[in-house]
Amino acid sequence: MPTKEIEAVKGIDIPRYMGRWYEIASFQSSFQPKDGINTRATYTLNEDGTIHVLNETWSGGKRSYIEGTAYKADKDSDEAKLKVKFYVPPFLPVIPVTGDYWVLYLDEEYHVALVGQPSRKYLWILSRTNELDEAIYDQLVQKAVDVGYDVSKLHKTPQTNPPPEGTEGPVDKKGIWWIKSLFGK
C-alpha cells in the first residue's frame, strides 16, 4: 500500500536533463528484451520543445533500439511529468503507444534519476554513468519504497565496462527482440 503520494520533480531544467542516461535497474517490461544489457536512453531536445528519445539495448550480441518522442504532459506545469510516444512494432512503426514518464527524483547535479509512473507499473533507476555507487542505489530504492513501489520487482541491468559507444555491433533490423518480448522471452 502506498505510503506517500507520487510526486514529480518540480522546476526541472529540461535542456540540462538531455543527453545519455544508463539504466542501472528497472522493472522488467514486455517492451524490453529480458536478456538486454547495456541499456541506455539518449534524449535530445527538438526545436519545437519536444524531446527525441532513443532507447537502446544489446540482446544476443545485437543492438536493438526504438525511437520516440517525449513531451510535457501539461505545458503550463513546472512538474517533470512527461508523456512518451513510441510507434510499434519497431520494424514497421504503425501503432502509437503512449506512456507516462515522471521524474520522481533528480539529484542537484543531474547525475542520477528515479523515473516512474503514477500506476507504479514501471520504474527505472538511471545514471549518467554505467555504474552507480551502491549507497546511492540503495537511497534511490528507498525513495521508491517511500512512494509505494514494490521494489522486489527491481532488476539490475547488466552493464559492461567500457560501455558500447555509438551504435557498435550488429543491429537487430527485424525487431526479433520485440516479437520475442510478446511471448515473455
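Author: Let us begin with the rule for strands: two strands pair if DSSP finds at least two bridges between them. Please keep in mind throughout that this is a predicted model.

Reader: With that rule in hand, why are β6 and strand β7 called paired?

Author: The strands β6 and β7, the latter covering residues 112–116, are joined in the antiparallel sense over four bridges, and since the rule asks for at least two bridges, they count as a pair.

Reader: What makes strand β2 a partner of both β1 and β3?

Author: Strand β1 (residues 19–27) and strand β2 (residues 37–45) pair in the antiparallel sense over four bridges, with R40 in β2 as the bridge partner of Y22. Strand β2 and strand β3 (residues 51–59) pair, again antiparallel, over seven bridges, and here T42 stands opposite L54 in β3. Because the rule requires at least two bridges, each of these counts as a pair. Between β2 and β3 there is a hairpin with five residues between the strands, where G49 in the turn has a positive phi of about 90°.

Reader: Why is the pair of Y17 and Y43 called stacked?

Author: The structure holds five aromatic pairs. For the rings of Y17 and Y43, the centres are 5.9 Å apart and the planes are at 15°, so the pair is stacked; the cut-offs are centres within 6.5 Å and planes under 30 degrees apart. Y17 lies in helix α1 (residues 14–17) and Y43 in strand β2, so the pair ties together parts that are 26 residues apart in sequence.

Reader: What makes the lining of the second largest cavity nonpolar in class?

Author: This cavity, with a volume of about 40 Å³, is lined by Y17, M18, Y43, I51, V53, A70, L82 and Y101. Ala, Val, Leu, Ile, Met and Tyr are among the types that count as nonpolar, and the tally is accordingly eight nonpolar, no polar and no charged residues.

Reader: How many cavities are there by the 30 Å³ rule, and what lines the largest cavity?

Author: The count comes to two cavities of 30 Å³ or more. The largest cavity has a volume of about 100 Å³, and of the 13 residues that line it, the closest to its centre are E23, Q28, Q32, P33 and H155. By class its lining has two nonpolar, nine polar and two charged residues.

Reader: Which residues lie nearest the centre of the second largest pocket?

Author: Of the 13 residues in its lining, K4, E7, L104, K143 and V147 lie nearest the centre, and the elements that give two or more residues to the lining are β6 and α2 (134–146). The volume is about 240 Å³, and the lining divides into seven nonpolar, no polar and six charged residues.

Reader: How do you know that the bond between N161 and P162 is cis?

Author: The omega of the peptide bond that joins N161 and P162 is about 0°, and the bond is cis. P162 is found in the loop between β9 (154–156) and α3 (176–182).

Reader: Where is the pLDDT below 50?

Author: The protein averages a pLDDT of 88, and 86% of the residues score at least 70. Over residues 181–185, however, the pLDDT is below 50, and beyond near neighbours in sequence this stretch has six contacts in the model.

Note on methods. Residues numbered from 1 in each chain as written. Predicted model: local features only at pLDDT ≥ 70, side-chain atom pairs only at ≥ 80, totals over all residues. Heavy atoms only, no water. 1 Å grid on protein atoms, 1.4 Å probe; cavity = no way out; pocket = protein on both sides within 12 Å on 5 of 7 lines; lining within 4 Å. Points joined across faces, edges and corners; volume = space filled by probe spheres on them. pLDDT = per-residue confidence, 0-100. Contact = heavy atoms within 4.5 Å. Phe/Tyr/Trp six-rings, centres within 6.5 Å; stacked < 30°, edge-to-face > 60°.
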